[in-house]
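Here's a quick briefing to read alongside the model.

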Amino acid sequence: MGAWDVGPLDNDGATDFLAEWQSTEDFDHLDELLTEVLDLEDSYVEIELGQSVVAGGYILAALVNESQEELFEEDEDSEDWAMGLPEPDVALLTKLVKCLRRILKEESEIRENWEETDDYEAWKASVTEIIADLT
């Protein structure tokens, strides 16, 4: 799975997604990702896509709650990037929450993989907390 902890940014898919997103100054990359998940309808969500959704949710939750400095306290470049992002609109947040709920409940490789570990409940709680922070 390429994960070293249950945290939203503690896996290969999240770090790859974040590196790509940080080359932009808006939410277009995230929005395209969310559209891809929603376009799958009832189809299986592959693990990297799920990891990216969770990472995007975590970052947007930090933006909404104005805790970007805490999020990237060890990484000044990432903090500067996050501080420069615009305020996310309600439509994007709604779309993100829908995608997060989908990976928790429907055909999702990330959920299935975490279910096979002793850390499933901790991972699920972290995703549930992101949803709560966004709503």
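Let's start with Glu87, which lies in the loop between α5 (76–84) and α6. Helices here are DSSP runs of H or I with at least four residues, strands are runs of E with at least two, and both are numbered from the N terminus. At 60% relative accessibility, Glu87 counts as exposed; buried means under 20% relative accessible area, exposed over 50%, and partly exposed in between, using a 1.4 Å probe and protein chains only. Glu87 sits 27 residues along the chain from Leu60, and their C-alpha atoms are separated by 9.1 Å.

This is a predicted model, in which local features need pLDDT of at least 70, side-chain atom pairs count only at pLDDT 80 or more, and totals for chains, interfaces and linings use all residues. Residues are numbered from 1 along each chain as its sequence is written, and side-chain values use heavy atoms, with hydrogens and water left out.

**How confident is the prediction?**

- The protein averages a pLDDT of 86, and 93% of the residues score at least 70; pLDDT is the predictor's confidence in each residue, from 0 to 100.
- Which elements have the lowest and the highest mean pLDDT? Helix α4 (residues 68–71) has the lowest, at 65, while α6 has the highest, at 95.
- Where pLDDT is low, the predicted coordinates should not be read in detail.

**Helix α2 against α6**

- Helix α2 (residues 28–39) and helix α6 (residues 90–105) have axes that come within 10 Å and cross at roughly 45 degrees. Axes are lines fitted to C-alpha atoms, for helices over the stretch in contact, and angles run from 0 to 180 degrees between N-to-C directions.
- That angle is why α2 and α6 are oblique to each other. The scheme goes like this: under 35 degrees is roughly parallel, over 145 roughly antiparallel, 65 to 115 roughly perpendicular, and the rest oblique.
- The crossing of α2 past α6 is left-handed, meaning the near helix is turned anticlockwise from the far one by less than a right angle (clockwise would be right-handed).
- On the α2 side, the contact uses Leu30, Asp31, Leu34, Thr35, Val37 and Leu38, and on the α6 side Leu92, Lys95, Leu96, Lys98, Cys99 and Arg102. Contact means heavy atoms within 4.5 Å.
- Sorted by class, the residues of this α2 and α6 contact come out as 7 nonpolar, 1 polar and 4 charged. Ala, Val, Leu, Ile, Met, Phe, Trp, Tyr, Cys and Pro count as nonpolar, Asp, Glu, Lys and Arg as charged, and the others, Gly among them, as polar.

**Helix α2 against α3**

- The axes of α2 and α3 also come within 10 Å, crossing at roughly 135 degrees.
- That makes this pair oblique.
- Here α2 passes α3 in a left-handed crossing.
- Leu30, Leu33, Leu34, Glu36 and Val37 of α2 meet Leu49, Ser52, Val53, Gly56 and Leu60 of α3.
- The classes in this α2 and α3 contact are 7 nonpolar, 2 polar and 1 charged.

**Helix α1 against α3**

- Helix α1 (residues 12–21) packs on helix α3 (residues 47–64) at an angle of about 60 degrees, with the axes 8 Å apart.
- So α1 and α3 are oblique to each other, and α1 passes α3 in a right-handed crossing.
- Asp12, Gly13, Ala14, Phe17, Leu18 and Trp21 of α1 touch Glu48, Gln51, Ser52, Ala55, Gly56, Ile59 and Leu60 of α3.
- This α1 and α3 contact has 7 nonpolar, 4 polar and 2 charged residues.

**Residues to look up**

- Leaving aside neighbours within four places in sequence, Ser52 is in contact with Gly13, Phe17 and Leu33.
- Asp12 lies in helix α1 and, at 40% relative accessibility, counts as partly exposed.
- Leu40 is in the loop between α2 and α3 and counts as partly exposed at 24% relative accessibility.
- Beyond neighbours within four places in sequence, Leu40 is in contact with Val45, Leu49 and Arg102.
- Glu41 is found in the loop between α2 and α3 and counts as exposed at 58% relative accessibility.
- Phi of Glu41 is near 50 degrees, a positive value in a residue other than glycine. Most residues other than glycine have a negative phi.
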